[in-house]
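Here are my notes for your first read-through. Keep the model open beside them and find each residue as you go.

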Amino acid sequence: MVRLVFLGKFSDVAPAGLAEIALPGDVRTLKDLKHWVARQEPRLGAAMEEARTRLIVNQCVAHDLSQPVADGDEIAFLPPMSGG
Amino acid sequence: MDVRITPQAFDPQAEIAAFAHGRHDAGALVSFVGTCRSDTGGAAVDELRIDHYPGFTEKEIARLAEDTSRRFNCPDLLVVHRVGAIRPGEAIVLVAALSTHRSDAFEAVRILMDYLKTDAPLWKKESGPGGARWIEPRPEDYMRRVEAEKG
């Protein structure tokens with residue numbers, strides 16, 4: 001299983017069913033996962049398409065979408081931030 | 001270095017007083033308090049909600065504060081940032097710096113605020129009679145961020 005966390009405006013369109021998923025067989029990298037999520041939930045895919053999306057794996061920033069995804073990972077999808 | 005994320009309302013003046021208490025070695029104290037406005041661009045705001053990513057948000061803000069501290073020789077920085085539901089008039093963020101001379105403290109507070117605007121993992125949503133909308137950094141926030149990086 002992998003845990004998916006959708007933050008900010010992504011949380012408005014992310015269904016609860018995506019919070020924990022069995023890793024699909026064809027998902028090996030973060031790029032695969034992002035495409036898989038967009039296929040499952042087109043509204044989420046569209047929101048990620050229009051915003052600069054950063055991925056965080058097990059609380060560390062992912063700099064490369066070819067990074068592999070493993071069972072037990074927590075992956076967060078971050079839209080542009082707005083603190084202060 | 002004191003970095004805190006809190007879902008509770010806080011009193012900026014009490015925080016600043018506690019931060020500076022007994023620090024007779026510091027010649028300068030600079031602070032900035034950002035407050036929830038009751039309207040933005042003519043639209044009334046009833047509530048601001050700030051989402052965070054527990055663990056990661058704290059870690060990233062601490063990293064930004066440490067970078068700023070090193071850069072401006074300002075070991076004493078205070079950051080308090082609200083998350084959750086915030087009412088107009090309540091403080092959202094407090095950044096304060098103690099230093100020997102004023103220029104380091106002024107710069108540290110200014111640059112750390114610029115970083116927080118674009119790099120802190122926080123997401124603001126304003127709601128009012130006209131509905132709710134997510135806030136994103138303005139182009140000038142990104143420009144200030146670029147300037148801050150250049151020094």
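**Notes on the helices, the contact and the loops**

1. Start in chain B, where α2(B) touches α3(B). From α2(B) come Leu64(B), Ala65(B) and Thr68(B); they meet Ala108(B), Ile111(B), Leu112(B), Tyr115(B), Leu116(B) and Asp119(B) of α3(B). By class, this contact has seven nonpolar residues, one polar and one charged. Keep in mind throughout that the model is predicted.

2. Now look at how these helices sit. Helix α2 of chain B covers residues 56–71, and its axis lies 10 Å from that of α3(B). The two pack at an angle of about 150°. Angles over 145 degrees count as roughly antiparallel, so α2(B) and α3(B) are roughly antiparallel to each other. Their crossing is right-handed.

3. Check the length of α3(B). The helix has 18 residues, and at 1.5 Å a residue these should span 26 Å. The C-alpha atoms at its ends are 25 Å apart, which agrees.

4. Which residues of α3(B) are buried? They are Ala105(B), Glu107(B), Ala108(B), Val109(B), Ile111(B), Leu112(B), Met113(B), Asp114(B), Tyr115(B), Leu116(B), Lys117(B) and Thr118(B). Charged residues are on that list too, including Glu107(B) and Asp114(B). What do the buried residues pack against? Their partners in chain B are β2 (28–35), α2, β6, β8 (91–99) and α4.

5. Follow α3(B) to another of those partners, α4(B). Helix α3 of chain B spans residues 102–119, and its axis comes within 9 Å of that of α4(B). The axes cross at roughly 130°. That angle makes the two helices oblique to each other. Here the crossing is left-handed.

6. Who makes this contact? On α3(B) the residues are Ile111(B), Asp114(B), Tyr115(B), Lys117(B) and Thr118(B). On α4(B) they are Asp141(B), Tyr142(B), Arg144(B), Arg145(B) and Ala148(B). The contact divides into four nonpolar, one polar and five charged residues.

7. Is α4(B) mostly buried or in the open? One of its twelve residues is buried, so the helix lies largely in the open. Its length also checks out. Helix α4 of chain B runs over residues 139–150 and should span 16 Å at 1.5 Å a residue. Its end C-alpha atoms are 17 Å apart, which agrees.

8. Pro139(B) belongs to helix α4 of chain B. This residue has 7 C-beta neighbours inside 10 Å. A residue with 12 or fewer counts as exposed, so Pro139(B) is exposed. Its C-alpha atom is separated by 25 Å from that of Ser31(B), 108 residues away along the chain.

9. Move to chain A for another helix pair. Helix α2 (residues 30–40) and helix α3 (residues 42–50) of chain A have axes that come within 5 Å and cross at roughly 130°. α2(A) and α3(A) are therefore oblique to each other. Lys34(A), Val37(A) and Ala38(A) of α2(A) meet Pro42(A), Leu44(A), Gly45(A) and Met48(A) of α3(A). Five residues of this contact are nonpolar, one is polar and one is charged.

10. How many residues does each chain bring to the contact between chains? Chain A gives 15 residues and chain B gives 22. In chain A, α1 (9–13) and β5 (74–78) each supply at least two residues of the side that touches chain B. That side of chain A has eight nonpolar, six polar and one charged residues.

11. Two loop residues deserve a look at their backbone. Most residues other than glycine have a negative phi. Asn58(A) has a positive phi of about 50°. It sits in the loop between β3 and β4 (60–61) of chain A. With 13 C-beta neighbours inside 10 Å, Asn58(A) counts as partly exposed. Asn73(B) also has a positive phi, near 50°. Its place is the loop between α2 and β6 (76–82) of chain B. Asn73(B) has 12 C-beta neighbours inside 10 Å, so it counts as exposed.

12. Finish with Arg52(A), in the loop between α3 and β3 (54–57) of chain A. Arg52(A) is exposed, with 10 other C-beta atoms within 10 Å. Its C-alpha atom and that of Gly17(A), 35 residues apart along the chain, are separated by 24 Å.

Technical notes. Residues are numbered from 1 along each chain as its sequence is written. Chains are lettered from A and ligands numbered from 1 in the order in which they are written. This is a predicted model: local features need pLDDT of at least 70, side-chain atom pairs count only at pLDDT 80 or more; totals for chains, interfaces and linings use all residues. Two residues are in contact if their C-beta atoms, placed from the backbone, lie within 7 Å. Helices (H or I, at least four residues) and strands (E, at least two) are DSSP runs, numbered from the N terminus. The expected span of a helix is 1.5 Å times one less than its number of residues. A residue is buried if 20 or more other C-beta atoms lie within 10 Å of its own, exposed if 12 or fewer, and partly exposed in between; C-beta atoms are placed from the backbone. Axes are lines fitted to C-alpha atoms, for helices over the stretch in contact, and angles run from 0 to 180 degrees between N-to-C directions. Angles under 35 degrees count as roughly parallel, over 145 as roughly antiparallel, 65 to 115 as roughly perpendicular and the rest as oblique. A crossing is left-handed if the near helix is turned anticlockwise from the far one by less than a right angle, and right-handed if clockwise.
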